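Hello,

Here is the structure I promised to pass on. Please open it first, then read my notes below.

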Amino acid sequence: MPAGQPHGVISPDFLGNTHNVILGMDDLVEQLRASGSVFAEDEARLLTESAESPAQLDSMLQRRISGEPLQQILGWAEFCGLKIRVEPGVFLPRPRSEFLVEKAIRLGHRGATVLDVCCGTGALGVATAVGLGAADLHATDIDPIAARCAAANVDEVGGRVYQGDLFDPLPRSLEGRAQLVLVNAPYVPTAELPLMPREARLYEETITLDGGDDGLDVQRRAIFQAPTWLAPGGHLLVETSDLQADSTMRLMKDIGLKVTLATSNEWGATVVIGRHPT
Ligand SMILES: C[S@@+](CC[C@H](N)C(=O)[O-])C[C@H]1O[C@@H](n2cnc3c(N)ncnc32)[C@H](O)[C@@H]1O
């Protein structure tokens, strides 16, 4: 369990608790595997642990077989070793975003002011706060369901969530104070949305994915606004794609940030980091 872990954000250690075996595990695994699940044993165990009755287990199994993401059925997703609450329609935190969190933790310090803009469940901000030991975390999302879901997670680390467009809902008193601004905005070009995996297309709201014509509509506005909120020497970290990395870097250079590119083959992740001049 990571140091400083708050009550209610639970490490995956709890996954070992198999207290509630209702259906034959072999049947469950077989049905999940037949429906295309690659991790059928793990999924069967998690569903079994989560169900409170045979009827509920059957209903959860049917939802999974019909393609609903496991995390939405369980009501939580694992991210950076933490259990993050999720709600239907909210963007599920992706493993690749753990790379951005790793970078943020290295650039921050205990007690840092952290802004998580376009926060979804709030996973990035919460994991960064846990990794730093403590943080003054403020998160925003335009989607009321995401903001409500994030509030449950962010509250666990003593942070606050605000609903609205990018930085708009934040208290002005935070201007010039953020050591870290985390941005994983939607970055899929509109024309590519039909190519997204079925789970994303059917179970995540379009607003969580759609980045406009070039995929950069939301990210571009977030980058332009970030310097107002960064402390001198503070860092803006933006998750982007390989193909969009040059454009993201250019946007950040154009507003006077000192830019570095961080990529990870292991995570399949690309993060552009901009340092605000001191
Ligand atoms: C790709 S998801 C990422 C969520 C979260 N950062 C994560 O990595 O798990 C993008 C999020 O941006 C939010 N969003 C889209 N447009 C926004 C805007 N103009 N202002 C604030 N949030 C926005 C969506 O509701 C969605 O939750």
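Let me start with a pair of helices. H2 and H3 cross in a right-handed way. Keep in mind that this is a predicted model. Two packed helices are described by the angle between their axes and the distance between the axes. Here the angle is about 140 degrees, and the axes are 9 Å apart. To find the pair, look at residues 40-50 for H2 and residues 54-65 for H3.

Which residues make the contact? On H2 they are Glu43, Leu47, Thr48 and Ser50. On H3 they are Gln56, Leu57, Met60, Leu61 and Arg64. By class, the contact of H2 with H3 has four nonpolar, three polar and two charged residues.

A polar backbone atom of Cys118 is 2.7 Å from a nitrogen atom of the ligand. For Ile142, a polar backbone atom is 3.2 Å from a ligand nitrogen. Arg221 uses its side chain instead: a polar atom there lies 3.4 Å from a nitrogen atom of the ligand.

How much of the ligand's accessible area does the protein cover? On its own, the ligand has 590 Å² of accessible area, and the protein covers 97% of that.

Best wishes

Technical notes
Residues numbered from 1 in each chain as written. Predicted model: local features only at pLDDT ≥ 70, side-chain atom pairs only at ≥ 80, totals over all residues. Heavy atoms only, no water. Polar contact = N/O pair within 3.5 Å; in protein donor to acceptor, adjacent residues only side chain to side chain. Areas by Shrake-Rupley, 256 points an atom, 1.4 Å probe, with all protein chains shown as cover. Axes fitted to C-alpha atoms, helices over the stretch in contact; angles between N-to-C directions. Helix = DSSP H or I, 4+ residues; strand = E, 2+ residues; numbered from the N terminus. Left-handed = near helix turned anticlockwise from the far one by under 90°. Contact = heavy atoms within 4.5 Å. Nonpolar A, V, L, I, M, F, W, Y, C, P; charged D, E, K, R; others polar.
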